[in-house]
Amino acid sequence: MNVVLTQQFAPGLDNPRNSEGAFIRAKNGDILFASSRYHGESCHDHATCDIWLTRSHDEGNTWSEPKELANAAFFGVDNIMSVSAVEQNDGAIGFYYLIKEIIIFTKQKKEDLKNLTNLYYYINYQFSSDF
């Protein structure tokens, strides 16, 4: 198998680190790539980071300019990262990512107080369909 590097998202001014990402194919055949994009001066795991998305219409030969997919400030935090992309049962694409500095869960007590169940909550964040 031959591997050809067609795009490199190198760090730059006010973008000290680009990190883990996920590829998925859109219904129209485009390849989508979502990744963690740090900004500011620090590249530490707790530094300011958002999720950005780019797409290729030609099997990865060229890529669009990255656009912001999800902004950490929307969630009231500095950092969201570690994005995954999953096709949902209805065919929509779901992007899942870690929201740093927020842990939203409760413990539900059963009557016997021995079994505890974690109940996790999520925020339904809608993104623009122009991606």
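Biologist: Which residues have the most contacts inside the largest nonpolar core?
Modeller: Ala34, Ile51, Ile80, Phe95 and Tyr97, in a core of 17 residues. A nonpolar core here is a set of buried Ala, Val, Leu, Ile, Met, Phe, Trp, Tyr and Cys residues joined through side-chain atoms within 4.5 Å. Buried means under 20% relative accessible area, exposed over 50%, and partly exposed in between, with a 1.4 Å probe and protein chains only.

Biologist: And which strands each supply at least two residues of this core?
Modeller: E1 (18–25), E2, E3 (49–56), E4 (67–70), E5 and E6 (93–99). The largest share, three residues, is from E5. Strands (E, at least two residues) and helices (H or I, at least four) are DSSP runs, numbered from the N terminus.

Biologist: What am I looking at, by the way?
Modeller: A predicted model, where local features need pLDDT of at least 70 and side-chain atom pairs count only at pLDDT 80 or more, while totals for chains, interfaces and linings use all residues. Residues are numbered from 1 along each chain as its sequence is written, and side-chain values use heavy atoms, with hydrogens and water left out.

Biologist: OK, how many helices and strands does the chain have?
Modeller: Zero helices and eight strands. Of its 131 residues, 30% count as buried.

Biologist: Back to E5: where is Met81, and is it buried or exposed?
Modeller: Met81 lies in E5, which covers residues 80–87. It counts as buried because its relative accessibility is 5%.

Biologist: What does Met81 touch?
Modeller: Skipping residues up to four places away in sequence, its contacts (heavy atoms within 4.5 Å) include Ser36, Cys49, Ile51, Tyr97 and Leu98. Ile51 also has contacts with Ala34, Leu69, Ile80 and Val83, among others.

Biologist: How far is Met81 from Arg37?
Modeller: They're 8.1 Å apart, C-alpha to C-alpha, and 44 residues apart in sequence.

Biologist: What about Ser36, buried or exposed?
Modeller: Ser36 counts as buried because its relative accessible area is 0%. You'll find it in E2 (residues 31–38).

Biologist: So what does its side chain pair up with?
Modeller: The Glu20 side chain, through a polar contact of 3.0 Å. The Ser36 side chain also reaches the backbone nitrogen of Ser82 at 3.2 Å. A polar contact is a pair of N or O atoms within 3.5 Å; within protein, one must be able to donate a hydrogen and the other to accept it, and residues adjacent in sequence count only if both atoms are side-chain atoms.
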